[in-house]
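Have the sequence and the 3D view open as you read.

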Amino acid sequence: MTASPTHSLPLSSSRAQILVGVALAALMIATRGQHFATIDRLPSASWAIFFLAGALLRPMWMLPLLFVLASLLDIVSLASGTIGDWCLSPAYWALAPAYATLWLAGHFYARIHRDRWTALPRLALVLAVAAFATYVFSGGGFYFFSGRYPDPTLAGFAARIGQYYPRSLGTLAGYVGTAFALLAIVRGIGALRTAQQGARA
């Protein structure tokens, strides 16, 4: 990573915005649920996709668009019989503030991002806080409002946080870390080509 101000977030190129938007949608299709296009061995990238959309893309309408895509994939999986209706309850709408939290966290991180390795701790901190808040919305919404648990308690939910939050954070960090590593490689190659062209001029 370099300290060039031209490498700030979100992405400035319209072409890059389109390519990344399509890539995020494709990743959603490939990893969410169980349907004709799912790669079963990959964990769901949904959390990371909303974070990356907030960090890398400018249009705010990507947030509702990705939520609609996620919902359609869930409906397709349910209609095809590849998933049951356990998770599709009145609490499903708790995913809306959960995903909005991730998008806002990505949007916030874009403002403090620097193209330097020393930015990694702040990225890790933002991801940890965003993952916790997201799980409170999604996991808490399901636990308290889905009707699947007859006697939900705060103690019971706290136990679930310890069980599920670390795994959710790990998956989020893995996808986001991979995305930023790819971004650094692409920008490094671009900077090298620019330097070579300058040397030839």
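How many residues does helix α4 have, and what distance does α4 reach from its first C-alpha to its last? Helix α4 (residues 95–112) has 18 residues and spans 26 Å, close to the 26 Å expected at 1.5 Å a residue; the expected span is 1.5 Å times one less than the number of residues. This is a predicted model, in which local features need pLDDT of at least 70 and side-chain atom pairs count only at pLDDT 80 or more, while totals for chains, interfaces and linings use all residues. Residues are numbered from 1 along each chain as its sequence is written, and side-chain values use heavy atoms, with hydrogens and water left out.

**Overall make-up**

- The protein chain has 6 helices and 0 strands, where helices (H or I, at least four residues) and strands (E, at least two) are DSSP runs numbered from the N terminus.
- Read from the N terminus, the order of elements is α-α-α-α-α-α.
- Of the 201 residues in the protein chain, 39% are buried (buried means under 20% relative accessible area, exposed over 50%, partly exposed in between, with a 1.4 Å probe and protein chains only).
- Among contacts with a separation of 6 or more in the protein chain, 73% are between residues 24 or more positions apart; a contact means heavy atoms within 4.5 Å.

**Confidence**

- The average pLDDT of the protein chain is 87, and 87% of the residues score at least 70; pLDDT is the predictor's confidence in each residue, from 0 to 100.
- Helix α2 (residues 46–56) has the highest confidence, at 97, and helix α6 (residues 154–200) the lowest, at a mean of 89.
- Over residues 1–6 pLDDT stays under 50, and the model has 11 contacts beyond four places in sequence for them.
- Where pLDDT is low, the predicted coordinates should not be read in detail.

**Helices α1 and α3**

- The axes of helix α1 (residues 14–31) and helix α3 (residues 62–79) come within 10 Å and cross at roughly 25°, which means that α1 is roughly parallel to α3 (angles under 35 degrees count as roughly parallel, over 145 as roughly antiparallel, 65 to 115 as roughly perpendicular and the rest as oblique).
- On the α1 side, Gly21, Ala25, Met28 and Ile29 make the contact, and they meet Met62, Leu66, Leu69, Ala70 and Leu73 of α3.
- Helix α3 has 18 residues and reaches 25 Å from its first C-alpha to its last, close to the 26 Å expected at 1.5 Å a residue.
- Buried residues of α3 include Met62, Leu66, Phe67, Ala70 and Leu73, and the cover over the buried residues of α3 includes α1, α2 and α4.

**Helix α4 and Ser138**

- Which residues of α4 are buried? They are Leu95, Ala98, Tyr99, Ala100, Thr101, Leu102, Trp103, Ala105, Gly106, Tyr109 and Ala110.
- Ser138 is found in helix α5 (residues 120–145) and counts as buried because its relative accessibility is 13%.
- Leaving aside neighbours within four places in sequence, Ser138 is in contact with Trp47, Leu95 and Ala98.
- Ser138 and Tyr99 are 39 residues apart along the chain, and their C-alpha atoms are separated by 8.6 Å.

**Other sites to look at**

- Gly170 is in helix α6 and counts as partly exposed, at 43% relative accessibility.
- Gly170 and Ala128 are 42 residues apart in sequence and 9.3 Å apart in space, C-alpha to C-alpha.
- Leu9 and Pro10 are joined by a cis peptide bond, with omega about -5°, and Pro10 lies in the segment before α1.

Technical notes: Axes are lines fitted to C-alpha atoms, for helices over the stretch in contact, and angles run from 0 to 180 degrees between N-to-C directions.
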